[in-house]
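Please consult the structure shown here before turning to the points below.

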Amino acid sequence: MKNQLSFLVIIILSALLLSACGQKGIVNPLEYPVNDFSAVTEENQPFEKKELDGKIWVADFIFTNCADVCPPMTANMSKLQKMVADEKLENVEFVSFSVDPTVDTPEKLTTYAKNFGLDSKNWTFLTGYTQEFIETYAKETFKTLVKKPQEGNQVIHQTYFFLVGPDSKVKKVYDGYKEVPYDDMLKDIKSLQ
């Protein structure tokens, strides 16, 4: 009887462990709510957060005069965009917030985007807000630093990609510059589908 009980406990524990392995979802999601915003696209069209509601999206913070990290970040995001397309994942958007909105006009953002040959169907570059807004918005919504010094033309910002779920909450943050975890990102995007 004791052996049968031990065997039964082992079977139940094994079943629980196996079912946990197959669970869908992101491990330890951040769940930061994404605040509303109003902006202008690279096509000089108005754009609000509500246009992303119900969609999965990946965001980053860049600027067109960036001397070092932004071009590789945009190239990395372009690679992720192609991987998402190759996997035929639907309802996925890409959003790049300019951290230098007084310099980054829609025209400058359009030229910047064209240099990377990316697909503009599901990638939007945003500007049209104040410097104060983007610095506060990045800090409060994405928990990331954006700061334009008084001198020079380089804006201080972090090099992360942010995965936002259809519920408009930041789920994960990834390195968008050097050690980009493409496979993890694709897995997490699939788990939100």
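The model is predicted: local features need pLDDT of at least 70 and side-chain atom pairs count only at pLDDT 80 or more, whereas totals for chains, interfaces and linings use all residues. Residues are numbered from 1 along each chain as its sequence is written, and side-chain values use heavy atoms, with hydrogens and water left out.

**The chain as a whole**

- The protein chain contains five helices and ten strands; these are DSSP runs numbered from the N terminus, with helices (H or I) of at least four residues and strands (E) of at least two.
- Of the 193 residues in the protein chain, 44% are buried, where buried means under 20% relative accessible area, exposed means over 50%, and partly exposed lies in between (1.4 Å probe, protein chains only).
- Among contacts between residues at least 6 apart in sequence, 73% join residues at least 24 apart, a contact being heavy atoms within 4.5 Å.

**Strand E2 and its partners**

- Strand E2 spans residues 38-41 and has a covered face, formed by Ala-39 and Thr-41, and an uncovered face, formed by Ser-38 and Val-40.
- E2 runs antiparallel to strand E3 (residues 46-48), to which three bridges join it; two strands pair if DSSP finds at least two bridges between them.
- On the covered face of E2, Ala-39 stands opposite Phe-47 in E3.
- A hairpin is formed by E2 and E3, with four residues between them, and Asn-44 in the turn has a positive phi of about 60 degrees.
- E2 also pairs with E6 in the antiparallel sense, over two bridges, and Thr-41 has Leu-126 in E6 as its bridge partner.

**Two partly exposed residues**

- Ala-85 lies in helix H2 (residues 70-86) and is partly exposed, with a relative accessible area of 49%.
- The C-alpha atoms of Ala-85 and Asp-119 are separated by 9.9 Å, although these residues are 34 residues apart along the chain.
- Thr-130 lies in the loop between strand E6 (123-127) and helix H4 (131-142), and its relative accessible area of 48% makes Thr-130 partly exposed.
- Thr-130 and Thr-102 are 28 residues apart along the chain, and their C-alpha atoms are separated by 7.3 Å.
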